[in-house]
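Let's take a walk through a protein model together. Have a look at the picture first, then read on.

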Amino acid sequence: MSNRIKTKQFQDLDSQHHLHPFTTHQSLRTEGPRVIVKGEGAYLYDSEGARILDGMAGLWTTNIGYGNKELAQAAYDQILELPFYNTFFKTTHPPVVALARKLAELAPANLNQVFFGSSGSESNDTAIRLIRHYWALKGEPKRRIIISRKNAYHGSTIASGSMGGMSHVHHHSYPVYEGFRHVMDPCWYDESFDGETPEAFGLRAARAIEDEILRFGPENVAAFAGEPVQGAGGVKIAPDSYWPEVQRIVDKYGILLLADEVITGFGRLGSWFASEYYGIRPNLITFAKAATSGYIPLSGVLVDDKIVDALMAENDDFNHGYTFSGHPVACAVALKNLEIMERERLVPRVKDETGPALARLLSRFKDHPIVGEVRSVGMMGAIELVADKKTRRRFADPGRVGLICRDHFFRGGFIMRAVFDTMVCAPPLIWTEAQFDEAGTAIQKALDQTLADVKGEVTA
Ligand SMILES: Cc1ncc(COP(=O)(O)O)c(C=O)c1O
């Protein structure tokens, strides 16, 4: 059977039975999905036999690349030994203990306990419950408000979606849960006033949190939650002045800090956690994705000793948990994944080699006629597509040109994601010079093709 016929069969079955996440189903059915059949190292292969360089690490996830046999072996061995047992009824098992210990070792010093789940959304739901429960235990039950930011993505369950700041997600989970407030995001390129320096803008964006605390009264505010770098919002990298000011504010009002490191955890910025990179001291870190390099679902919340002390002081149930909290196979795979990351020195390599290489790669395109800005931190970056470089004027119909560009990337055998008209990337941490070179050629070609498609709309 030809590849084309096989692809068509997959597409037909997919459209008959499969509802996709975050998808316009009508157009997906017309176009048919691309069928990915294999992954190896930095590359994916589709059902037509095309080799694709994955600039998105799956979905900010496959830090060690595809097809790693050691991870497969770790899963196989654990399945034979103990494929599943729960961690509810005063029970534990070796892989969950070993992984919790390892994570405590890698995390900031005050975070020594882990509550496990299977997705970033679940870990944020857990964090929300822990935050509110903590304040209730401390005798301040009125502290329920959690402040986060516009364009934040914290997941797609109703609680994590409410904490997130994406209006299109809220729209679908209406009514948004009460007790979540969203302040401006710290993206200088989109939000700064004319002539405002990144430093001044960073302070202004952080002080929007303080204004919100004062508006509702600190006695009602439980926490501030933020992704160290807003990923799904468009790789929005805060200026250097932002996070120190956020830390000053949460300290001043005694509120908890939740760092959502579902994307930035496990090396993406060149430190195990981005909290370390930005010098912040979160009381909770949520993680998922790259904990297992995405080979199997696992997530969790790293929890501050002071929150754990409050839990310990109460002789009652914390009524929360998931069947797959601390799944033994997922824990065994995570342990092996972290061992490989350490052995291959993938985290220091982001700091010294791959991160700087990504910055050099993207900076080659800053003068392109449709590029308003390029930016990166560690191994995540963005290219802003604009109609007018000088005024930062966007194209009409936000997202249209991003999709045109994304499709050119796809056809050219390279994956970058479009967040409206911001092209974002987060390659696996294993990229070498060969992949950076290949990406450079693909980006040049896709930007030129996009320019040709929209030339009439571009101000030279
Ligand atoms: C920062 C952040 N938090 C939470 C989530 C939700 O994770 P999941 O899709 O595993 O529920 C994501 C997903 O991309 C994310 O980027």
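Predicted model: local features only at pLDDT ≥ 70, side-chain atom pairs only at ≥ 80, totals over all residues.

Is F266 buried or exposed? Count the other C-beta atoms within 10 Å and you get 29, so F266 is buried, the cut-off being 20 or more.

V235 counts as buried because it has 26 C-beta neighbours inside 10 Å.

Now zoom out to the whole chain. You'll find 17 helices and 15 strands in it. The radius of gyration is 22 Å, close to the 23 Å that the globule rule gives for 460 residues, so the chain is as compact as a globular protein of that length. Along the principal axes, the C-alpha atoms fill a box of roughly 65 × 60 × 45 Å. Of the 460 residues, 49% count as buried. And if you take the contacts with a separation of 6 or more, 72% of them link residues 24 or more positions apart.

Last stop: the ligand. Around it sit 14 residues, and S119, G120, S121, G155 and V262 come nearest. Which helix gives the most to this shell? That's α6 (residues 120–137), with 3 residues. By type, the shell divides into 5 nonpolar, 7 polar and 2 charged residues.

Terms used:
Residues numbered from 1 in each chain as written. Near = placed C-beta within 6 Å. Helix = DSSP H or I, 4+ residues; strand = E, 2+ residues; numbered from the N terminus. Nonpolar A, V, L, I, M, F, W, Y, C, P; charged D, E, K, R; others polar. Rg over C-alpha atoms; globule rule 2.2 N^0.38 Å. Buried ≥ 20, exposed ≤ 12 C-beta atoms within 10 Å, placed from the backbone. Contact = placed C-beta atoms within 7 Å.
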